[in-house]
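Colleague: Please show me how to read this model, one feature at a time.

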Amino acid sequence: MTTREFAVPVIDIAPYLRGGDATSDTECARVAREFDAACREPGFMQVVGHGLDPETLTGLTAALDEFFALPLDVKKRYRRDPAANRGYSPPKSESLSMSLGIAAANKMNDYYEAYTVGTEASSFPDHNLPENGYAANNWPEAAPGFQPGVMQYFTRAQDLARILMRVVTDALGLSKGYFDPMIDHSIEVLKMNNFALPEGDTEFAGDLTGMGAHSDFGILTVLWADQVPGLQVLDRDGGWHDVMPADGALLINLGDAMARWTNDRWMSTIHRVDPPVRDGRIQRRRSAAFFFDGNYDAVLEALPGTLAPGEVGYEPITVAENIAMKVAGLRTGVAPEASLREAARVAAASDRR
């Protein structure tokens with residue numbers, strides 16, 4: 001089998017920030033073509049011209065540093081019921097590969113720690129929304145600069161995700177506003193990760209996993225990350241590749257919803273994280289993943305024109321059902337009952353690691 005060259009394209013989406021679309025603006029049409037090509041092959045891209053100013057990113061990193069520098073016993077005060085998907089997750093409390101039903105080879109959970117916030121039900125007063133998808137946030141008073149720094153970034157990421165959905169609509173050749181009824185009360189989550197040696201450990205044990213192989217659960221993910229090695233992406237040929245953000249760029253990857261909508265014309269991006277070890281110490285790495293998941297009741301089934309005659313698509317499932325299935329593995333170790341295409345891709349690649 002011939003392995004295709006792997007490269008993460010950099011796409012300037014500034015034309016869409018000016019309000020155009022592919023039918024009226026040749027530059028937007030170019031962006032849509034580049035986006036489609038990126039989604040068909042690597043399934044991963046970097047975007048520039050995204051409109052997020054340096055001050056917003058500086059505020060985010062300062063917020064992360066303020067909270068994660070707190071003592072572990074203080075951070076643990078902000079744990080929440082895992083079903084709520086809000087608040088603090090200590091090191092080794094989650095296993096992302098289990099969201100695909102794949103147990104880590106070392107039988108241990110991932111060593112990262114994280115803090116999760118998201119849209120609340122009160123943001124959509126005209127809808128009767130379930131608590132588990134739109135839970136109240138759990139802001140840490142022990143880090144007073146955390147909430148304002150995080151919320152400024154969260155708001156900008158919300159705007160960017162909706163701009164990207166206009167690009168998605170054009171790239172798939174759908175009518176303007178096609179996705180609007182599926183994202184008008186979208187589940188949106190920001191998960192901030194700190195990859196560092198867990199408190200109390202003095203040196204790297206050699207059997208820890210930063211973040212196991214997984215796909216994201218929703219439509220797309222906007223990822224800010226340090227320029228520190230560790231992130232790897234699985235290509236369509238089963239090879240793992242290192243990815244590091246370019247200066248000023250944000251990383252964009254696709255989630256399960258997009259794969260189900262397009263019947264894998266655009267696959268969900270399988271990725272993992274293992275920051276490098278220097279002199280027996282893990283090199284610290286930070287990231288913030290904004291998950292744009294869609295309405296909890298949006299149905300994930302093949303979009304118009306996606307299936308060829310006689311082709312069988314994914315079994316229809318709602319956004320909430322898909323998330324619940326994946327989170328059960330992540331937080332409780334309960335493997336999904338369904339046979340997942342993403343899990344098969346990881347299994348096929350395991351011998352080529």
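Colleague: Start with contacts. Which residues is Thr221 in contact with, leaving aside its neighbours within four places in sequence?

Modeller: Contact means heavy atoms within 4.5 Å. By that rule Thr221 touches Asp216, Leu251, Ile252, Asn253, Ala289, Phe290 and Phe291. Keep in mind that the model is predicted: local features need pLDDT of at least 70, side-chain atom pairs need 80 or more, and totals for chains, interfaces and linings use all residues. Numbering runs from 1 along each chain as its sequence is written, and side-chain values use heavy atoms, without hydrogens or water.

Colleague: Where is Thr221 placed, and is it buried or exposed?

Modeller: Thr221 belongs to strand E7, residues 220-225. Helices (H or I, at least four residues) and strands (E, at least two) are DSSP runs numbered from the N terminus. Buried means under 20% relative accessible area, exposed over 50%, partly exposed in between, with a 1.4 Å probe and protein chains only. Thr221 has 2%, so it is buried.

Colleague: What does the side chain of Thr221 make a polar contact with?

Modeller: A polar contact is a pair of N or O atoms within 3.5 Å; within protein, one must be able to donate a hydrogen and the other to accept it, and residues adjacent in sequence count only if both atoms are side-chain atoms. Here the partner is the side chain of Asp216, at 2.7 Å.

Colleague: Now a strand. Which residues of E8 lie on each side?

Modeller: In a regular strand, side chains alternate between the two faces of the sheet. In E8 (residues 231-234), Leu231 and Val233 are on one side, Gln232 and Leu234 on the other. All four are buried, so both faces are covered.

Colleague: Which strands pair with E8?

Modeller: Two strands pair if DSSP finds at least two bridges between them. E8 has three bridges to E11 (residues 271-273), running antiparallel. There, Leu231 is the bridge partner of Val273. E8 also pairs with E9 (residues 240-242), antiparallel, over three bridges. Leu234 stands opposite Trp240 in this case. E8 and E9 make a hairpin with five residues between them, and Gly238 in the turn has a positive phi of about 90°.

Colleague: And cores? How many residues has the largest nonpolar one?

Modeller: Nonpolar side chains tend to be buried together in soluble globular proteins. A nonpolar core is a set of buried Ala, Val, Leu, Ile, Met, Phe, Trp, Tyr and Cys residues joined through side-chain atoms within 4.5 Å. The largest has 94 residues, and Tyr153 and Met192 have the most contacts inside it. H5 gives the largest share of this core, 13 residues. Another core, of five residues, lies apart from it; Ala213, Leu234, Trp240 and Ala349 are among them.

Colleague: What of the whole chain?

Modeller: The protein chain has nine helices and 16 strands. Of its 353 residues, 57% are buried.
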